[in-house]
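Dear colleague,

I am handing over the structure below, together with some notes on what came out of going through it. Please read the notes with the structure open beside them.

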Amino acid sequence: MRAIVIGAGPSGLAAAACLKKAGFTPEILDAGKKIGDSWRRHYDRLHLHTARGRSGLPGLPMPRGPRYPSRDEVVEYLQTYAEHFDLRPQFGCAVETVKPSNSGWRVTHAKGVSEAPVVVFATGLNGTPFVPEFTGLAEFGGNWVHSSSYKSAAPYAGKKVLVVGFGNTAGDVALDLAEAGVAVDMAVRGPVNLLPKELFGIPVTSLGILRKILPYKIVDALTAPILWLKLGRNEDYGLRSAPKGPNAQVIEDGRIPMIDVGALAQIKKGRIGIRPGPERFSRGTCHFVGGSSAAYDAVIFATGYRVDLRPILGPMPDVLDDAGKPLVSGGRTAAHGLYFCSYYVSPDGQLRQSGLDAEAISADAVVARSEEHTSELQSLRRISYAVFCLK
């Protein structure tokens, strides 16, 4: 049976490999030019926050190396993964529409039309770069970009830079700039949670077992004193504490707390300044909430991404929420044969979640196929019985 997988990044490759193992013939469509195209475009200093041993995809562990794989190591691993499972994506195949058809689903893309009873969306959480609307941004006059366009500190030498946001990407970018001697501030728009990269020598993303034993709010309450001892109070860095713990922030809000890889030390040393959230911009200046302002040569918006699949799927209220994000990721949806892989933030690492979702999707697709065959057999029996009665 055929299956169409949209995306040739970690989620798409994992989904295709699991479907292939389950007896499907996957066709992989990707808008990019190479496997893991979006990973190749990430900033130079990027390293996973999850340990190597927990970052492999189903059926092929990551090769040995430093505990936290680099961007280039992830890209190399994805290439190896595709070769290992003989996965051959079609590149330059931007998907335009996905609609129901007699054979299941009809996918229209840049190179034609494909049909299959199973379609898996695996384009991930990093869909469309999101920059909030700020008054005066068009008049700022400086160099402003979304963090998806940031590669290294080199173009910012001798400049004063504002990084808007306080997630992991914001922390990495600000740290990269500070270590290169660039004058950098971070504009923090709200209360935050902080996590160390490791606790007691264990990667913080590997401590998910606690959530399996206890409710996540209790885990937050139990670990709060340990985090205070490890990192200090948020107020020590000029930051406000979030009203909920880090696990609650992920599970309830879909937001990953900043996992510190060195930015907090630079904040304490005064090499990274902390500012309130931006209120508006004017020429060469950011005006902050509360009335203060400062001049900048460049602004980098580390303000995340938005996922909206409505332009491809159309309005599907049983499948997508009001913003166009899947209601179900890694499981059966209200539309038979339509699946979504790794569209929800995981505190255990997104690569690991991609693998878990891929395995769950392939398992359900097998069950759904069996249910179809059972239904068809029952229909044939009813028809045969009706014909027998007519005789």
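Does Leu214 count as buried, partly exposed or exposed? Leu214 counts as partly exposed, because its relative accessibility is 30%, and the cut-offs put buried under 20% and exposed over 50%. Please keep in mind throughout that this is a predicted model.

On the side of H6 the contact is made by Tyr216, Lys217, Val219, Asp220 and Leu227, and on the side of H7 by Pro246, Asn247, Ala248, Ile251 and Glu252. Sorted by class, this contact has six nonpolar residues, one polar residue and three charged ones.

Helix H7 also holds Gln249, which counts as buried because its relative accessibility is 2%. Leaving aside residues up to four places away in sequence, Gln249 touches Asn193, Ala242, Lys244, Gly254, Arg255, Ile256 and Pro257.

Lys244 takes part in a salt bridge as well, with Asp253, where the closest N and O atoms are 3.3 Å apart. Lys244 is partly exposed at a relative accessible area of 27%, and Asp253 is likewise partly exposed, at 40%.

Across the whole structure, the search finds 19 salt bridges. One of them joins Arg71 to Asp44, with 3.0 Å between the closest N and O atoms; this pair links distant parts of the chain, since Arg71 is in helix H3 and Asp44 in the loop between H2 and H3, 27 residues apart. Arg71 is buried, with a relative accessible area of 10%, whereas Asp44 counts as partly exposed at 42%. In another salt bridge the side chains of Arg45 and Asp176 meet at 3.4 Å, N to O. Arg45 lies in the loop between H2 and H3 and Asp176 in helix H4 (residues 168-179), so this pair ties together parts that are 131 residues apart in sequence.

The loop between helix H2 (37-40) and helix H3 (71-84) also contains Gly56, which is partly exposed at 23% relative accessibility. Not counting residues up to four places away in sequence, Gly56 touches Met62 and Tyr77.

How values were computed
Residues are numbered from 1 along each chain as its sequence is written. This is a predicted model: local features need pLDDT of at least 70, side-chain atom pairs count only at pLDDT 80 or more; totals for chains, interfaces and linings use all residues. Side-chain values use heavy atoms; hydrogens and water are left out. Buried means under 20% relative accessible area, exposed over 50%, partly exposed in between (1.4 Å probe, protein chains only). Contact means heavy atoms within 4.5 Å. Helices (H or I, at least four residues) and strands (E, at least two) are DSSP runs, numbered from the N terminus. Ala, Val, Leu, Ile, Met, Phe, Trp, Tyr, Cys and Pro count as nonpolar, Asp, Glu, Lys and Arg as charged, and the others, Gly among them, as polar. A salt bridge is a side-chain nitrogen of Lys or Arg within 4 Å of a carboxyl oxygen of Asp or Glu.
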